[in-house]
Amino acid sequence: MNFINEMNMTIQSHSINEGFARSVVAAFCVQLNPSLDEIADIKTAVSEAVTNCVVHAYPDCVGEIAVWVGLGEDRTVHIKISDFGVGIEDFNLAREPFFTTKASEERAGMGFTVMESFMDEVTVCKNGEKGVIVYLVKKLSNVAKKAQSRQAND
Amino acid sequence: MQINAKIYQDTLYIQIAGELDEHTANYAKMTIDNQLDEAECKQVVMDLSNLEFMDSTGIGVLMGRYKKMKQRGIPIFIANPSVQADKIFRMTALYEVMPKVKEGVR
């Protein structure tokens with residue numbers, strides 16, 4: 001995949017940074033002229049992945065979350081969210097709808113299901129010895145791009 | 001995150017505004033619970049028309065309130081969710097216990 005633009009950032013796993021992370025990723029994606037719905041989908045998926053880091057990867061401490069975004073020349077958005085936390089014991093189980101290890105905290109266990117529903121591809125794997133990598137891909141429609149070129153021709 | 005409540009004809013309308021995520025969930029739970037505990041009503045409508053962002057954390061917040069009010073026999077309805085919130089509610093079958101209604105805060 002050839003990327004026309006990439007960004008990296010590292011944030012601490014404070015819950016207040018969830019809003020920051022999803023806004024930064026959304027702002028970076030704007031250069032591909034996504035639709036408002038596509039931007040909202042991406043923000044929701046990023047929020048789910050970062051929430052997982054805040055709540056599950058670093059349950060008793062503050063750790064680092066690395067966010068990388070690559071904008072593909074084929075109008076795909078690639079997002080990698082990595083942590084260096086406690087890891088996930090069973091990836092298949094973690095991705096099951098309604099599965100949560102923290103039911104007592106009124107958690108829905110829908111994080112991965114939401115990511116899968118709002119993005120085109122979701123890959124979860126180990127991040128070396130410790131931690132988890134979530135890789136998200138969304139293919140943007142060409143509607144916004146067409147509208148833009150129409151506007152330019154007017 | 002801002003939560004406003006008002007009662008109109010035995011219905012408690014709770015308007016949740018701003019961004020509902022892990023960071024604001026506890027404040028939302030506490031504030032909504034205060035309104036639910038104080039109000040004398042026959043039903044509750046959660047109006048999400050000014051909710052700018054919600055992820056699946058919102059499901060936990062709403063389900064917790066549903067369980068609480070179920071014990072008192074008071075139903076909760078959802079009004080005006082965003083496209084994304086609506087998608088999350090559908091995939092979690094939330095509307096089966098908290099049906100969607102058209103009417104929001106008057």
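## Model and conventions

Because the model is predicted, local features need pLDDT of at least 70 and side-chain atom pairs count only at pLDDT 80 or more, while totals for chains, interfaces and linings use all residues. Residues are numbered from 1 along each chain as its sequence is written, and chains are lettered from A, with ligands numbered from 1, in the order in which they are written.

The predictor gives the complex an ipTM of 0.91 and a pTM of 0.92.

## The fold of chain A

Chain A contains 5 helices and 5 strands (DSSP runs numbered from the N terminus, with H or I over at least four residues for helices and E over at least two for strands), and along the sequence they follow the pattern β-α-α-β-β-α-α-β-β-α. The radius of gyration of chain A, taken over C-alpha atoms, is 16 Å, close to the 15 Å that the globule rule (2.2 Å times the number of residues to the power 0.38) gives for 154 residues, so chain A is as compact as a globular protein of that length.

In helix α1 of chain A, residues 16-29, the buried residues (20 or more other C-beta atoms within 10 Å of their own, the C-beta atoms being placed from the backbone) are Glu18(A), Ala21(A), Arg22(A), Val25(A), Phe28(A) and Cys29(A). These residues cover an arc of only 130° around the axis, judged by the directions from the helix axis to the C-beta atoms, which puts them on the same side of α1(A).

## Where the chains meet

The contact (C-beta atoms, placed from the backbone, within 7 Å) takes 22 residues from chain A and 19 residues from chain B. On the side of chain B that touches chain A, α1 (22-38), α2 (57-70) and α3 (83-91) of chain B each supply at least two residues, and the largest share, 6 residues, comes from α2(B).

Definitions and conventions:
Contact = placed C-beta atoms within 7 Å. Buried ≥ 20, exposed ≤ 12 C-beta atoms within 10 Å, placed from the backbone.
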